[in-house]
2 protein chains.
Amino acid sequence: MVRAAKHTSRDIRVANRFHVLRHILAAPAVSRQEIAAETALSFATVSNLIGELLALGLLVEVGFQDSGGGRPRGLVAVNPGGGFLIGIDTAETYVHVDLFDAALTVLATVEERLSGGERCPEQIVERLVSGVGTVMAQAGVAPDGVLGVGVSVPGQVDHEGGVSVFAPNWDWLDVPLRGMLRSRLPMPVHLDNPLRASAVAELWFGAGRGHDDLAVLTLGTGVGAGLALGGSLYRGVTNSAGEWGHTTLVLGGRPCRCGNRGCVETYVGAPGIMQHLREVAPDNPMLCPGDQTATIEALAAGLAAGDPVAVAVADVTAGYLAAAIADLVNLLNPEVVVLGSWVAAKLGQGLLARVRDRVAGHALRRPLDATQIVLGQASGDAVSLGAATFALERFLASIGAPLGGVVRPVRR
Amino acid sequence: MVRAAKHTSRDIRVANRFHVLRHILAAPAVSRQEIAAETALSFATVSNLIGELLALGLLVEVGFQDSGGGRPRGLVAVNPGGGFLIGIDTAETYVHVDLFDAALTVLATVEERLSGGERCPEQIVERLVSGVGTVMAQAGVAPDGVLGVGVSVPGQVDHEGGVSVFAPNWDWLDVPLRGMLRSRLPMPVHLDNPLRASAVAELWFGAGRGHDDLAVLTLGTGVGAGLALGGSLYRGVTNSAGEWGHTTLVLGGRPCRCGNRGCVETYVGAPGIMQHLREVAPDNPMLCPGDQTATIEALAAGLAAGDPVAVAVADVTAGYLAAAIADLVNLLNPEVVVLGSWVAAKLGQGLLARVRDRVAGHALRRPLDATQIVLGQASGDAVSLGAATFALERFLASIGAPLGGVVRPVRR
């Protein structure tokens, strides 16, 4: 779809700045001419945007390319030392913190498991602040070198206000998380949720590269789908698009924590998979009551070893997942469906192969023929990578902002 | 979402041309300054595009507006006589043909019912050609005054190739409909399907005006959802997005003509509603076997009169429809969900009120709070209006196209 003008010239400038940087991040070194060709922006616009990014120290000139007779073309690349970013993936069962350089390469990581009782906003904030401190110390980075911190938390998020609007697994309602973090962290904080963070990570750096329309499934304790449509993240009118986990698969089926029955999440989220195991083999030792991570890991090991109970549970899970993925194929006609988050990562190819076998039983043939179904390909933790990408986007948007916007000097 | 540049400058020029015309169509008379403000395009760009449309005869100057001290501002409006458009809504049960002026006001209409046996491509083409002849004769319009014909047919359509890829209710596979029509009609023909046509009609002229994200439901023999996301029609990677009728609502439920079971369509399409009636009251006289139109009309009359069987069938239908609409609310977080097509038009407020009562039992509260659920508001037949809009869009895209594109002189 071609989008007609609707936004201000400043919006478009910010979007183009980000678009150009994305192309440079994707290549080791690239000329202005190549970027102009790839983005369909004019050479003058590209030169201008690159000039800005060079002045900020986010890019460096890295040499020349022979242009076959004409003047050699200057090459630019991301300056890894041009600034640092922190991305945080907060889930119900763990907190994962990464520190990245400006090329979005991980320099330091810390991951800690959360106990089931750790769910108050104050406890989570404490974990986030301590994680940030740990990775900065590991990498020897000072606060003024950090361009921003991107924090992903489960549930519905007001990303502009920095508020966790609703996190049902924690019983959170309207928690002003960014405000709480601001008093503890001296750098800009951006809040979003794992659906959107993993969608952006896959779109920029993973299975979505080069594709316009993708659904990135989060298969964890909670279940959802980050949507990138027409080449951009799709948020919906109140930033809550993607609640695929709360679409009905079995009308009147299993009760869901959202109040509905028969939601996708109740059949393919970690607690739903544990329920399948309970139904297939109630006393099987793979079931670790109260420990989702251990149970899914035991199932993954069993699946790899051909254990019949693990195979049966994977088959049942894949049956539900295939029908729910077919819904996305039929409704959205995407190029790529990505199976992401920790449950997908642990069950891996064994789950993927079973899903692929079953999805044709539900999806329309022609859109399915146009859809790849793959495991997540963003390296490392896709959610923290996506959250750091949001922080970078926010930083780029702040350049030249009117008073009140965040403008930070960047070290060369 | 702000979309970064990705398309050529020609794509953007065509999109902006269309965007400007859309704003002029929405107002009786408007100044270049107002359009620039509404579209966020520069005054120079708007003036340039309006100059083009004036030269084509699609717009006329209609006077001046006082600008409060400055020079009076020239006002432009669509020139109704600047060209004519034909829109055709082909359904399983009827063919509806409208002839529009350039302001998309209906000048002539013909609608004929199709017998159950009329389903060969040749028979349908005959009906379309004769309908076009009838409306042109009614309005006294010659072929060279018609800028284009937009044809909507059910099922999956390759709109660029002009091929009906798959129409399951007719057993059509890869029917080159545009080619067949070309030899019979001397004007450009654009092919699309009712999901997309009604979405565009509601976005431009109906319940979607002023909104960016909407789902326009087609409730007829077949069921689907036209999606406008981020202010533009969303087609998906192979133009088949919107097959909401073939998402699973009851896993393992009623068999569907698509091969899946438990699809939304089997519970809320006209044949599905007839099935509810059969289950509620097998011998009720409202059931006219083999005649969907008569049955739905009888149910609508019964519902208006408070007939308990009609009320029970409406309640059952609304229960399924509410759960399936909640899926769209949760997944897409739209601003507006429009109940469109002939089943919705006939059952009207009685169905709408029942759906609204039930949807909160399935949808997440916060996205639902942001969603209006309404009946279709595009005047007349939304599908033929949308099809004519596509023909207009195609005509505007052809202006200044390279050789091989369609460039037609337009009468002033």
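Chain A is divided into three parts: domain 1 (9-78), domain 2 (82-197 + 382-395) and domain 3 (209-375). Those bounds come from an automatic or database domain assignment. This is a predicted model, where local features need pLDDT of at least 70, side-chain atom pairs count only at pLDDT 80 or more, and totals for chains, interfaces and linings use all residues. Residues are numbered from 1 along each chain as its sequence is written, and chains are lettered from A and ligands numbered from 1 in the order in which they are written.

Take domains 1 and 2 of chain A. Their centres, taken over C-alpha atoms, are separated by 30 Å. In contact are 5 residues of domain 1 of chain A and 6 residues of domain 2 of chain A; contact requires that the C-beta atoms of two residues, placed from the backbone, lie within 7 Å. The domain 1 side of chain A here has 4 nonpolar residues, 1 polar and no charged. In that scheme Ala, Val, Leu, Ile, Met, Phe, Trp, Tyr, Cys and Pro count as nonpolar, Asp, Glu, Lys and Arg as charged, and the others, Gly among them, as polar.

Next, the two chains. How many residues of chain A are in contact with chain B? There are 57, and they meet 57 residues of chain B. Elements of chain A giving two or more residues to this side are helix H1 (9-25), strand S9 (163-167), strand S14 (232-233), helix H10 (308-332) and helix H12 (365-369). Helices (H or I, at least four residues) and strands (E, at least two) are DSSP runs, numbered from the N terminus. H1(A) gives the most, 6 residues. By class, the chain A side has 28 nonpolar, 20 polar and 9 charged residues.

The same surface serves both, with 100% of the contact residues of chain A recurring in chain B.

Last, a sheet in chain B. It is open, with 3 strands in the order S8-S9-S10 and antiparallel pairing; strands pair if DSSP finds at least two bridges between them. S8 (156-158) and S10 (172-175) of chain B each have a single partner strand, so one side of each is left without a neighbour in the sheet. S8(B) pairs with S9(B) over 3 bridges, and Val157(B) stands opposite Ser164(B) in S9(B).
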